[in-house]
Amino acid sequence: MGRPELPHDLTLPIPEPIHLALVEAAGGLRLALVGGAVRDLLLHRVHRDPWRGLPDLDLVVEDPARWAPATLPGGADAVEASQAPAAHRLAASLEARDPGALGFCRLHGAYGTVELELHGILLDLATARRESYPEPGANPLVRAGALEDDLARRDFSINAMAVLLEAGGPRLLDPHGGLADLEQRRLRLLHPRSVADDPTRLLRGARYGARLGFTLEATSLEQVSATLAAWPWRWRHGDPPPQAPPALATRLRMELELLLEREPWPRALALLQQWGALVLLDPALQVDRRWRQRMRRAERLGLPTMVGLVAGASEPLALAERLQLPHRQHKLLAQWLRLRQRLLDLEPQVGANGRGWTPSRWAALLEDHGLGAEAVALALACGDGPRRALLRWWLRWRQLRAPQTAAELVAAGMHPGPALGERLRQLRADRLDRERL
């Protein structure tokens, strides 16, 4: 059961004029602040958008007239105004009251949501909805529902609380015991199929655990272990990457990007490994004990931490394709794999320390047109090949040029053409070979 009132020492993160305007615009429909904003309010924290840094408030408006089992329409302009989802009507009402207050207004398609910016605060307005999953890992089917339905579709109990915005003052709605879990600093999944329906909930849990210092409650941990052991998703490792369901592909990448770019990722990844959940990415990562060192090195060398993580997979390119990583990252991984194979093939010639080759021969290999400097950096991060030779090239040799320029050689009597280019290469090779390996 939910507590009837908020703790007395808390103040809603909504300025009073906006609060009053929202309640008036709702016209008697139940309106509530939900999700992370409520959790952070109870923790005396400001809930912010992870990318823009602005205060970010999720609001749900309940529309009993739309509780019929019809899918929500694609946008306010797709139906008559009276048929539009409540969130669209609420936004339109706010805009009519104060058109200059809206920094932007964007409709979010079939979920019946609107994003507003009011006086530097992001407001995500959504019509209350319920979800069902046609199969594990698929995108959910979204239908209109009650506020309680909307809370029941969330990931953890600490995110399944709401603050009802009413003219008589705010009231806390806590049907899943989220406040008790918040006080105990624990993460509890809402229902027995939470992980099977959407495994990206585990990445969100790791983000919360790393940021807030929360631990996964025992029953939830049992659900994680049982679900991953049974592997209920139709796609399995080794299957064609494009066939993976969204929660094992694009949605997984989006959560992973947030984890790596906006959270203390070493702690978050350690939690995922502790829960056995890195198998969602690749079984090799679950047993990998070098990901932290590899990713720290990649970070210091200016590489994306995502690439440092994916490099530890049994099939890095397959994982990159499944996650739909940016082309640049996919290309970097492909170049690094080619370089790694060359280094393995050359090991009998160059030796473990690389001294079997001169600096100029190393430069010729590492500056091959099929490779980029970042591929060498990733090899260093992964501990491939003779570290000293690769490090010397990365830090110094690649920056060395021939002691004379093309213009100086032409002034001395050489004619432009292939011979000039060859002479420049030879002069640079001579200079490189005076370097100490």
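1. The buried ones are Pro 359, Ser 360, Trp 362, Ala 363, Leu 365 and Leu 366.

2. Please read all of this as a predicted model. The mean pLDDT of the chain is 88, and 88% of its residues reach 70 or more. Over residues 68–82, however, the pLDDT is below 50. That stretch still has 29 contacts in the model beyond near neighbours in sequence. Residues 102–110 also stay under 50 in pLDDT. For them the model has 30 contacts beyond four places in sequence.

3. Which residues have the most contacts inside the largest nonpolar core? They are Leu 269, Leu 272, Trp 362 and Leu 378, in a core of 113 residues. Trp 362 is also one of the buried residues of α16. Leu 269 touches Leu 259, Leu 260, Leu 278, Trp 291, Met 295 and Leu 309, leaving aside residues up to four places away in sequence.

4. Another core lies apart from the largest one. It has nine residues, among them Ala 32, Val 60, Ala 128 and Ala 162. As background, nonpolar side chains tend to be buried together in soluble globular proteins.

5. A search of the whole structure finds three aromatic pairs. One of them joins Phe 156 and Tyr 208, edge-to-face, at 6.1 Å centre to centre and with 80° between the planes. This pair links distant parts of the chain, its members being 52 residues apart. Phe 156 is in the loop between α4 (147–152) and β8 (162–164), while Tyr 208 is in helix α7 (residues 200–212). Buried or exposed? Phe 156 and Tyr 208 are both buried.

6. Trp 231 and Trp 233 also form an edge-to-face pair. Their centres are 4.9 Å apart, with 80° between the planes. Both Trp 231 and Trp 233 are buried.

7. Where does Arg 398 lie relative to Trp 393 and Trp 394? Arg 398 lies over the face of Trp 394, at 4.0 Å from the ring centre. Arg 398 also lies over the face of Trp 393, at 5.8 Å from that ring centre.

Notes
Residues numbered from 1 in each chain as written. Heavy atoms only, no water. pLDDT = per-residue confidence, 0-100. Contact = heavy atoms within 4.5 Å. Phe/Tyr/Trp six-rings, centres within 6.5 Å; stacked < 30°, edge-to-face > 60°. Helix = DSSP H or I, 4+ residues; strand = E, 2+ residues; numbered from the N terminus. Buried < 20%, exposed > 50% of the residue type's maximum accessible area, 1.4 Å probe, protein only. Lys NZ or Arg CZ within 6 Å of the ring centre and 35° of its normal. Core = buried A, V, L, I, M, F, W, Y, C linked by side-chain atoms within 4.5 Å.
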